[in-house]
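Please look through the structure below before reading my comments. Keep it open beside you as you go.

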Amino acid sequence: MTARVEGMPSGLGTGIGPMPGVDPAEAVRIVSGETDFAFLPELPARGAGADSVGRAGAVLIDMPFEVVHDVYRMTSRPGSVTRRARDFLARDLDALEEHWDTEGLIDTGRLLKVQLCGPFTYGARVELRNGHKLIRDKGARLDVIASMADGLSDHVRELERRLGAQVIVQLDEPDLERVLNGSVQPLTRLDAIPPVPVPLIAQRLEEMAAVIGRPMILHGGDRPHPELCPILDSYSVTVDFSHSLPDGAKDQLGVYLDQGGILLAGVVPPSRPLVEPRAEELAQRMAVVVDEIGLPRTVLRDNIIVTPHTGLADASPEWAAAALRIVSRTSELMSQDPDAL
């Protein structure tokens, strides 16, 4: 990465995406009340069709799916799970629009992040009709990438039309490392799925970004992939700071931030700890990280968005609200006077 992603904000707090419970109106209310950088909540507790893979399937164009033996599988025509996933998404959008309308937020240009399971993780978790993982078939991979890019573009345009929001798109790729190293579980031991090369993944992700035409975030593993992320020009990245970063990762992070990259820093635990973290302490820890990297503390204000470590799907509603409140306060402290931390 060589430059800041155009249109990407900084100095704010937001969530990764998943929230607890099954009530979209309640989740929207919590997110809207606790963050200035809102996001469309995902509620996986509702079951099949509501998790990240089901949500992605709801956005794909002309690629219906079903659940077979607890695994998503492509089908020739929409079935009950496809319809259910699309219904969940429609309800979520309605709940968001209703809340924004009530609060006078429509047409204010407020930031809104939407999240979707990325094409490579989707391919690693969804089966073709013959039982093989979708990622194994090059043609199917291309179909998913094209369908997801077009479907996400439609999704974003609908949100902009209904809300007048400034939309940011986050692709969730937790299985990216397995795709890169060829460890995706095959149908049989004799039918190993070969790794997908880093340059090809970067090319496809950049093609998606070009179609979507909005600021993009890549949410992968605990830290950015050392070979992939430096060649992605259109994406901000996430880092989980629940563990200390090794020196090599700090060096890579320093180069990325020095070149203007935007980092989503996970600093708040996804479930309530015995001792609730204080925003002042979290802001000071991030200041120490920046000091160790050797960059000016203005990076805390200009290049960092604060988040929980991961999604909040398994948190209590009370902690989900508290966690988002803490990330917002932490980002506020980092932005006000970073040199005073």
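This is a predicted model: local features need pLDDT of at least 70, side-chain atom pairs count only at pLDDT 80 or more; totals for chains, interfaces and linings use all residues.

The numbered points below cover the sheet, some of its residues, and the packing of helices.

1. Begin with the strand order. The sheet is open and has seven strands, in the order E1-E4-E5-E6-E7-E8-E9. The pairing is parallel. Strand E1 (38-39) and E9 are the edge strands, and each pairs on one side only. As background, strands of a sheet pair through backbone hydrogen bonds, either parallel or antiparallel.

2. Find strand E5, residues 166-172. Is this strand mostly covered or mostly open? It is mostly covered, since six of its seven residues are buried. On one side, seven bridges join E5 to strand E4 (residues 111-117), and the two run parallel. Leucine 116 has leucine 171 in E5 as its bridge partner. E5 also pairs with strand E6 (residues 216-219), through four bridges, again parallel. Here valine 169 has methionine 216 of E6 as its bridge partner. Glutamine 170 stands opposite isoleucine 217 in E6.

3. Isoleucine 168. This residue sits in strand E5. Is isoleucine 168 buried or exposed? Its relative accessibility is 0%, so it counts as buried. The cut-off for buried is under 20% relative accessible area. Now compare sequence with space. Isoleucine 168 and aspartate 337 are 169 residues apart along the chain, and their C-alpha atoms are separated by 26 Å.

4. Serine 236. Move on to strand E7, where serine 236 has its place. Serine 236 has a relative accessible area of 0%, so this residue is buried. Which residues is serine 236 in contact with, leaving aside neighbours within four places in sequence? They are Val5, Met8, Met216, Ile217, Leu218, Tyr256, Ile262 and Leu264.

5. A helix across the strands. Helix H7 (residues 198-212) lies across E5, E6 and strand E7 (235-240). H7 runs at about 120° to E7.

6. Threonine 310. Turn to the loop between strand E9 (304-308) and H11, where threonine 310 lies. How accessible is threonine 310? Its relative accessibility is 35%, so it counts as partly exposed. Not counting residues up to four places away in sequence, threonine 310 touches Ile16 and Pro270. Glutamine 252 is 58 residues from threonine 310 in sequence. In space the two are 21 Å apart, C-alpha to C-alpha.

7. H1 against H11. Helix H1 (residues 24-34) packs on helix H11 (residues 317-336) at an angle of about 25°. Their axes are 9 Å apart. H1 and H11 are therefore roughly parallel to each other, as angles under 35 degrees count that way. The crossing is right-handed. H1 makes the contact through Ile30, Val31 and Glu34, and H11 through Pro317, Ala321, Leu324, Arg325 and Ser328. By class, these residues are five nonpolar, one polar and two charged.

8. H1 against H3. H1 also packs on H3, at an angle of about 50°, with axes 9 Å apart. H1 and H3 are therefore oblique to each other. The crossing of H1 and H3 is right-handed. From H1 come Pro24, Ala25, Val28, Arg29 and Ser32, and from H3 come Asp92, Ala95, Leu96 and His99. This contact of H1 with H3 has five nonpolar, two polar and two charged residues.

9. H2 against H3. Which angle do helix H2 (residues 52-59) and helix H3 (residues 80-102) make? They pack at about 90°, with their axes 8 Å apart. H2 is therefore roughly perpendicular to H3. Gly54, Arg55, Ala58 and Val59 of H2 meet Ala85, Arg86, Phe88, Leu89 and Asp92 of H3. The residues of this contact divide into five nonpolar, one polar and three charged.

Notes:
Residues are numbered from 1 along each chain as its sequence is written. Side-chain values use heavy atoms; hydrogens and water are left out. Axes are lines fitted to C-alpha atoms, for helices over the stretch in contact, and angles run from 0 to 180 degrees between N-to-C directions. Angles under 35 degrees count as roughly parallel, over 145 as roughly antiparallel, 65 to 115 as roughly perpendicular and the rest as oblique. A crossing is left-handed if the near helix is turned anticlockwise from the far one by less than a right angle, and right-handed if clockwise. Contact means heavy atoms within 4.5 Å. Ala, Val, Leu, Ile, Met, Phe, Trp, Tyr, Cys and Pro count as nonpolar, Asp, Glu, Lys and Arg as charged, and the others, Gly among them, as polar. Buried means under 20% relative accessible area, exposed over 50%, partly exposed in between (1.4 Å probe, protein chains only). Two strands pair if DSSP finds at least two bridges between them.
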